[in-house]
Amino acid sequence: MTRVLKTGLVLAMVFGVVWLAVIIWWQESHTLPTGVDIGLYLFALPLALIAAGWAGKRIVRARREARANPTPAATDGDGQTAAATPATARLIVLASTARAALGNDPASIHAAVAEQQRPALDASLINAKGFPIFAARAAHLDTELLRDAAAGQQAPKVALAEDIVRATALLGDVVQTLSQDARARVLDSGTPERDDAWPLLQLELALPVQWPEAARDHACKQARAAAVWPDSRLGMRPHAAKNALDSDSLLRQLALEPLAPAIATLRLVAAADSYIDANRVQDWEQQGALAGNATPQGRIPGEAAAGVLVDLALGRQDAGTPVAPPEGAMTLTLSATAQRATAADARGAINEPMLAALATQFLEQHAQPADAIAALVSDADHRGSRPLEAAGLASTLFPKLDPNQDCLAVGAACGYTGAASHLLTLVVANEACAQMEGPVLVVLTQDPALRACALVAPALSPSA
């Protein structure tokens, strides 16, 4: 109603100014207007001015949006412009796991997301008015105990911040679990007699770029210490995650990485992040980014760590004769990225058809019938157009899916998990694929503008 009144006032003002100017001109020039003059100057002229103003406004807005959201070339994991986004990136996932507020294993998290659980009020985190806020806290973590343990390990002071010490603990749990999975697979073929007989295992660890470098270094050291693997056969490469899609870029980089005998083909890719911290809550509230009565589109603090164990050699066409993947392995295929015309966080942002076009092209490219998709898993939360994007895609391409049971929104249940959100969504999709024994489409919406998909399916032998 306010917008209608505002538009009406503008139109009335334009007509009033034009009529006043024309009438004064006629009086000063002693002109007796004809019917044509009245129609031309009192009606056609103000309408032409209104049309010109409207067109000029649209042009200015389009130019501003083009400057704010230029159609980009793809960016690599370091944020550098790449020549083109690869259309296909494929990996074999041997195992995956996650830790989040909803549980300490993928099955628990998947079940809670499927039940549409939501973050609860957190008595330890309060807003400026003294009221508790909604948050997705991993209840099994005790911040003070974690700080005492980190202090005993001579951790730097910056690593003792509540959010950092909690995320570091979650990351260590994920690395320990996945390294145990990798160890079990090696022992299935017999126990290596010497440490140097073990295969190389490399940790690829993504931590928020906002963390101080000393805190990231400490978290990586703790993750390495948690790995159940001979130290001489364990490598590590840290990555500073700038946004929610950095893990996608990292997986794509690994899928295209050249293989060599001296390079580890067994990779443990993990990410962690936490926003369960009173200082974070205060900063968000001051910035208007915290979910509340006045800011319903704000973020809900969450925390998580997630990871996948991949073998770069399995399924590679350029690695000689393809080897049959082990039982329980999953094929992860990553789509190219696409960009929204309007950022999802912008006021009035709506669902756009580009996501359906991206998913359709992606499925057709990999000969995957849409009606064979067993579930749709997105990282969507309650903010902006994100839930509408996932729901719109489901109704457009997958009308047979149950919107309550088969369309899962990880972000709505786990809160904002930052750098961990991408891998957390993949882990939930991996669990859904294992339970349903069918392909699962993953939709990534956390980035304000960029959109991507992934396909998780049971790995088949080369002859299948």
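Me: What are the axes of two helices, and at what angle do helix α9 and helix α10 pack?
Reply: Axes are lines fitted to C-alpha atoms, for helices over the stretch in contact, and angles run from 0 to 180 degrees between N-to-C directions. In this predicted model, helix α9 covers residues 354-365 and helix α10 covers residues 386-397. Their axes are 9 Å apart, and the angle is about 50°.

Me: Which word describes how α9 and α10 are set to each other?
Reply: Angles under 35 degrees count as roughly parallel, and 65 to 115 as roughly perpendicular. The angle here is about 50°. Therefore α9 and α10 are oblique.

Me: Which residues of α10 make the contact with α9?
Reply: On the α9 side, the contact is made by Leu 355, Ala 356, Ala 359 and Thr 360. The residues of the contact divide into five nonpolar, one polar and one charged. From α10 come Glu 389, Leu 393 and Leu 397.

Me: Is Leu 171 buried or exposed?
Reply: Leu 171 sits in helix α5, residues 162-187. Buried means under 20% relative accessible area. Because its relative accessibility is 0%, Leu 171 counts as buried.

Me: How many Å apart in space are Leu 171 and Ala 271?
Reply: In sequence, the two are 100 residues apart. Even so, Ala 271 is among the residues that Leu 171 touches. From C-alpha to C-alpha, the separation is 6.9 Å.

Me: Which residue's backbone oxygen does the side chain of Ser 421 reach?
Reply: Ser 421 lies in helix α12, residues 421-436, and is buried at 5% relative accessible area. Its side chain reaches a backbone oxygen at 2.9 Å, that of Gly 418.

Definitions and conventions: Residues numbered from 1 in each chain as written. Predicted model: local features only at pLDDT ≥ 70, side-chain atom pairs only at ≥ 80, totals over all residues. Heavy atoms only, no water. Helix = DSSP H or I, 4+ residues; strand = E, 2+ residues; numbered from the N terminus. Buried < 20%, exposed > 50% of the residue type's maximum accessible area, 1.4 Å probe, protein only. Contact = heavy atoms within 4.5 Å. Polar contact = N/O pair within 3.5 Å; in protein donor to acceptor, adjacent residues only side chain to side chain. Parallel < 35°, antiparallel > 145°, perpendicular 65-115°, else oblique. Nonpolar A, V, L, I, M, F, W, Y, C, P; charged D, E, K, R; others polar. Lists of a residue's contacts leave out its neighbours within four places in sequence.
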